[in-house]
Amino acid sequence: MIRASLKELSTALATRKISAVELAGEFLDRIEKRNPTLNAFITVDRDRTLAGARLADQRRAKGETGPLLGVPLAHKDIFCTGEWLTTCGSKMLSNFVSPYDAHVVERFKTAGTVMLGKLNMDEFAMGSSNETSYFGPVKNPWDPRRVPGGSSGGSAAAVAARLTPAATGTDTGGSIRQPAALCGLTGLKPTYGVVSRYGMIAFASSLDQAGPMAKSAEDCALMLSAMAGFDERDSTSLRRETEDYARDLAKPLAGLRIGLPKEFFGEGMDADVRAAVEAALDEYRRLGAATVEVSLPNSGLSVAAYYVIAPAEASSNLSRFDGVRYGHRAAEYADLVDMYCKSRAQGFGEEVKRRILIGTYVLSHGYYDAYYVKAQKIRRLIATDFEEAFKVCDVIMGPTTPSVAFRFGEKSADPVQMYLSDIYTIAVNLAGLPGMSIPCGFGNDGMPVGLQVIGPWFAEAKMLNVAHQYQQVTDWHARMPGDAA
Amino acid sequence: MSLNHDEVRRIARLARLEISPDEVEGTRARLNGILDFIAQLQSVDTRDVVPMAHAIDVVQRLRADQVTETDRRDAYQAVAPETEAGLYLVPKVIE
């Protein structure tokens, strides 16, 4: 069943071809075999998973139905899960068992999914390669010498290697789309406010958004329908009509207007990525879509604006880790302030500390206007660019990343080089727009390439339709590592 | 804008992060690399641009001022480094 779609799994469960316990067991066996190499999971607990699967089988035996009842999936370790460790990829939380479930976790529990485990990630979601995890880097299943991307690298690697049928991720600057691209998956970051952030450990609160990572757009639609919804415990959760995100999947694409930002097709994109993206655009033209050039003149400033706003918000959010109420506390200290300083210095890794320091600096007395307010003004310019572009197109397309997956150590010495690997994804977060990455071929050394699809606010169903129609005429999304080329 | 060693130590202090003497120079170099990178923002004319704090333009929701939380002190304190009689223990602050 490892190649089966969520819909196929759902049907197999509903027709009693397989039980939730058997299905979970199949994936647990696969995890046991492959995870020691890939390091995609931080926590696996066979007994707990099988207990969850038995519960799903009991619910079905009692007559309950539902598209996700008994379907196994795994959560990024940023989502609080009662009874399971929630580490956020950090030494700071290496012993943390949350007293409550995140809203997303609650929703999936209600839907009857079976949790396979908690997925590795860059520490506090700060990274683009998974090299910042306290629990060690995740390997890219297409080539273990390469990064899976980040920060949802464990989610991406686990789905790519078919250790789980689907996974949750979070995206603050590209952390769903970039790993989805580098591992050959379909991943969707929804419009800001569509999925509740309650129980999702905060990095940059005005940018953080959870979303699905799966093998296809259809699977993502099913996942998002379960994840999305109003939650009064998140002050930025939006009160909207419930949506079936799969409702438009079958619509034809004739007449679709695709905007191609000239800034995304200039220098900086590798030739192999460009070739795959261009080929995908040709496929869309064959499906009846028309392409139109658009411009996002301020998008080149997005990485710089992001590296003011995100660290500023992170320095504030991460001040809660003080060694008092939860998390790591230093063994020895002189006084209270010394306890804070030592606990935090020991509990956080290099990249997290770097971002806290940058954030502290840009928010400090005398610099707030020059950095933070300035970056917020540029954020407005970036969002306005998208508004203008969407006057002449329905969706925007371009590369998700400038290159295919890079090798371990290639960018980790220079933070700015690492930050630039998110050059095409960050503007979407600043504007709060929905963004997707879908597999569109392979580049150098047989590594996957991602096509980014960006929609207007709340256009998720449309984007999933656009992705799904492409996946009806191509099979890039169905390829898995180890398949014959 | 380029940070010196004293400024790096001051920021670390503000951030409540201990920084050892042998970390100061490496931290300074990397932070300055990032500050050089974000300096490009200064060249953009942003007169009359309203800062965008948030992606979605909505007003803060309010709710009735009622107690909605149940008492879960034991569950919350189960993950605390040190507690006693329902209290979080920290080093003595007041002599």
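**Figure 1. The second largest pocket and the contribution of α3(A).** In this predicted model, α3(A) provides six residues to the lining of the second largest pocket, the most of any element. Elements are DSSP runs, with helices (H or I) of at least four residues and strands (E) of at least two, numbered from the N terminus. The pocket has a volume of about 330 Å³. Among its 17 lining residues, Gly52(A), Trp84(A), Lys109(A), Thr113(A) and Met115(A) lie nearest the centre. A pocket is an open set of points on a 1 Å grid over the protein atoms alone where a 1.4 Å probe fits, with protein on both sides within 12 Å along at least five of seven lines; lining residues have an atom within 4 Å of a point. Volume is the space filled by probe spheres set on the points, which are joined across faces, edges and corners.

**Figure 2. The largest pocket.** This pocket holds about 870 Å³ of space. Of its 32 lining residues, Tyr100(A), Tyr198(A), Gly199(A), Arg233(A) and Glu69(B) are the closest to the centre.

**Figure 3. A salt bridge between chain A and chain B.** Lys342(A) and Glu18(B) are joined through their side chains at 3.2 Å, N to O.

**Notes.** Residues are numbered from 1 along each chain as its sequence is written, and chains are lettered from A in the order in which they are written. For this predicted model, local features need pLDDT of at least 70 and side-chain atom pairs pLDDT 80 or more, whereas totals for chains, interfaces and linings use all residues; side-chain values use heavy atoms, without hydrogens and water.

Conventions. A salt bridge is a side-chain nitrogen of Lys or Arg within 4 Å of a carboxyl oxygen of Asp or Glu.
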